[in-house]
Amino acid sequence: MRIIGVTGGVGAGKSAVLDYLEEHYGALRIEADKVGHEVMEPEAIAYEKVIAAFGHGIASPDGKIDRKALGNIVFADEEKRLLLNSIIHPAVKEEILRRLHEAGRKGETLAVVEAALFLEEHYEAFCDETWYIYTKEENRRQRLRLSRGYSEERIDALLRSQRTHEEFLARCDRVIDNNGSVEETRRQVDAVLQRN
């Protein structure tokens, strides 16, 4: 099974590439952010550890973790944020590897893994190749304003917290330029997949 890692800055259009790989090539799609929510569900691998670390006060009456309440705690306290990350990040990686193993066992031929902290968490270690979805900053800003309704202050803070273009280039195998039309982006994806 070929495993493609997808990374890039916020607003770069990674979801559009994932959509195309899933719909056109039948790729198994794994998004670390979604897995992060799933591992905190009751009965999932991180649930008990999160409750033990932050108390039953973060659980809703139905037993599920109230992510808003948890968010309020960790965003106000750097040590608690780091504690949560130390529980969630290994659990997410473990669950992604479990899904990839299961997909390989079932005979799947293509999987795509996307993560905001792809390089920080060294996801490239279990991917055959890593694609950097590149979009100019002005285009990313416009997308974040229009599609997500973010303020300039929020966009500035997000962009400051991310890796630079040069860092992505240095650590990724391929660049998909997502500054043009949807068709141009798809043509690049087709060319990369057909080359191998």
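Figure 1. Setting aside residues up to four places away in sequence, V50 touches M40, G55, I58, I65, L70, L84, I87 and I88; contact denotes heavy atoms within 4.5 Å. The model is predicted, with local features requiring pLDDT of at least 70 and side-chain atom pairs counting only at pLDDT 80 or more, while totals for chains, interfaces and linings use all residues. Residues are numbered from 1 along each chain as its sequence is written, and side-chain values use heavy atoms, with hydrogens and water left out. V50 is also among the members of the largest nonpolar core that touch the most other members, together with L70, I88, I96 and Y123, in a set of 33 residues. A nonpolar core is a set of buried Ala, Val, Leu, Ile, Met, Phe, Trp, Tyr and Cys residues joined through side-chain atoms within 4.5 Å. Buried means under 20% relative accessible area, exposed over 50%, and partly exposed in between (1.4 Å probe, protein chains only). Two or more residues of this core come from each of α2 (32-38), α3 (47-54), α4 (67-75), α5 (78-105) and β3 (110-114), and α5 gives the most, with seven residues. Helices (H or I, at least four residues) and strands (E, at least two) are DSSP runs, numbered from the N terminus. A second, separate core has 16 residues, including Y20, A27, I133 and V192.

Figure 2. T7 belongs to strand β1 (residues 2-7) and is buried, at 1% relative accessibility. Not counting residues up to four places away in sequence, T7 touches K14, A115, F118, T130, W131, Y132, I133, F168 and C172.

**Figure 3. The cysteines C127 and C172.** The structure holds zero disulfides, a disulfide being a pair of cysteine sulfur atoms within 2.5 Å. C127 is in no disulfide, and its nearest cysteine sulfur, that of C172, is 10 Å away. C172 is likewise in no disulfide. C127 is buried, with a relative accessible area of 11%, and C172 counts as buried at 13% relative accessibility.

Figure 4. β4 (129-134), α6 (137-148) and α8 (165-171) each give two or more residues to the lining, and β4 gives the most, with three. By residue class, the lining comprises six nonpolar, five polar and four charged residues. Here Ala, Val, Leu, Ile, Met, Phe, Trp, Tyr, Cys and Pro count as nonpolar, Asp, Glu, Lys and Arg as charged, and the others, Gly among them, as polar.

**Figure 5. Loop residues with positive phi.** Most residues other than glycine have a negative phi. E43, in the loop between α2 and α3, has a positive phi near 80° and is exposed, with a relative accessible area of 82%. H122, in the loop between β3 and β4, has a positive phi near 60° and is partly exposed, with a relative accessible area of 44%.
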